[in-house]
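Biologist: I would like to learn how to read a model like this one. Could you take me through it feature by feature?

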Amino acid sequence: MTATLELGALAADTATWHRVCAVEELEVAWGEAALIEGRQVALFRTGPSEVFAVAQEDPATGAHVMARGILGSRGTRPTIASPLHKEVYDLETGECFGTAAVRLETFSTRISDGFIEVAV
């Protein structure tokens with residue numbers, strides 16, 4: 001899978017949830033890019049039922065490459081390192097560990113009926 005297009009949208013609370021793909025279509029420890037509501041989003045499955053979504057755009061360079069980043073962790077915090085300059089970001093908060101002024105946009109995710117949904 002190299003790209004996933006939105007298959008449908010579901011409204012919940014104040015967020016709009018978008019069904020992206022089946023969970024099993026996203027490999028564990030591998031990133032994929034999705035186009036959701038005209039936004040490029042990088043998806044990462046870090047475990048059987050753990051999925052993160054961040055902006056595909058690298059905040060330090062503006063290049064749309066984050067789905068090709070390197071997954072890791074800092075203690076118990078899951079991280080993604082930019083494939084360009086190796087800046088490391090917290091997948092949950094978007095915090096950059098190297099440069100406090102830089103932040104990666106994050107999106108809420110959930111798994112519903114075996115599908116990954118992202119709030120954009």
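Biologist: What pLDDT does the protein chain average, and where is the pLDDT below 50?

Modeller: pLDDT is the predictor's confidence in each residue, from 0 to 100. The protein chain averages 90, and 89% of the residues score at least 70. Residues 1-12 are below 50, although this stretch has 34 contacts in the model beyond near neighbours in sequence. Where pLDDT is low, the predicted coordinates should not be read in detail.

Biologist: How many helices and strands are there in the protein chain?

Modeller: Both are DSSP runs numbered from the N terminus: helices are H or I with at least four residues, strands are E with at least two. Here the protein chain has zero helices and twelve strands. For contacts, the rule is heavy atoms within 4.5 Å. Of the contacts in the protein chain with a separation of 6 or more, 41% are between residues 24 or more positions apart.

Biologist: How do β7 and β8 run, and how many bridges join them?

Modeller: Two strands pair if DSSP finds at least two bridges between them. β7 and β8 run antiparallel and are joined by five bridges. Across this pair, Ile-70 stands opposite Ala-81 in β8. The hairpin has two residues between the strands, and Gly-75 in it takes a positive phi near 65 degrees.

Biologist: What share of the residues is buried?

Modeller: Buried means under 20% relative accessible area, exposed over 50%, and partly exposed in between, with a 1.4 Å probe and protein chains only. Buried residues make up 41% of the 120 residues in the protein chain. As for the surface, accessible areas come from the Shrake-Rupley method with a 1.4 Å probe, and for residues only the protein chains shown count as cover. The protein chain exposes about 6200 Å², with 50% of it supplied by carbon and sulfur atoms.

Biologist: How many salt bridges does a search of the whole structure find?

Modeller: The test is a side-chain nitrogen of Lys or Arg within 4 Å of a carboxyl oxygen of Asp or Glu. The search finds six. One of them joins Arg-19 and Glu-117, at 3.4 Å from N to O. This pair links distant parts of the chain, with Arg-19 in strand β3 and Glu-117 in strand β12, 98 residues apart. Arg-19 is partly exposed at 21% relative accessibility, whereas Glu-117 is buried at 0%. Arg-19, Arg-110 and Glu-117 are linked in a network of salt bridges.

Biologist: Which residue forms a salt bridge with Glu-32?

Modeller: That is Arg-68, with the closest N and O atoms 3.9 Å apart. Arg-68 lies in the loop between β6 and β7 and Glu-32 in strand β4, so the pair ties together parts 36 residues apart in sequence. Arg-68 is partly exposed at 42%, and Glu-32 is buried at 6%. Another bridge joins Glu-95 and Arg-77 at 2.6 Å, N to O. Since Glu-95 lies in the loop between β9 and β10 and Arg-77 in strand β8, this pair ties together parts 18 residues apart in sequence.

Biologist: How many disulfides does the structure hold?

Modeller: A disulfide is a pair of cysteine sulfur atoms within 2.5 Å. The structure holds zero. Cys-21 is buried at 1% relative accessibility, and Cys-96 is buried at 4%.

Biologist: Is Ser-82 buried or exposed, and which residues is it in contact with?

Modeller: Ser-82 sits in the loop between β8 and β9 and is buried, with a relative accessible area of 0%. Leaving aside neighbours within four places in sequence, Ser-82 is in contact with Asp-58, Met-66, Glu-87 and Tyr-89.

Biologist: Where is Gln-56 found?

Modeller: Gln-56 is found in the loop between β6 and β7, and is buried at 7%. Not counting residues up to four places away in sequence, the residues touched by Gln-56 include Ala-33, Gln-40, His-64 and Met-66.

How values were computed:
Residues are numbered from 1 along each chain as its sequence is written. This is a predicted model: local features need pLDDT of at least 70, side-chain atom pairs count only at pLDDT 80 or more; totals for chains, interfaces and linings use all residues. Side-chain values use heavy atoms; hydrogens and water are left out.
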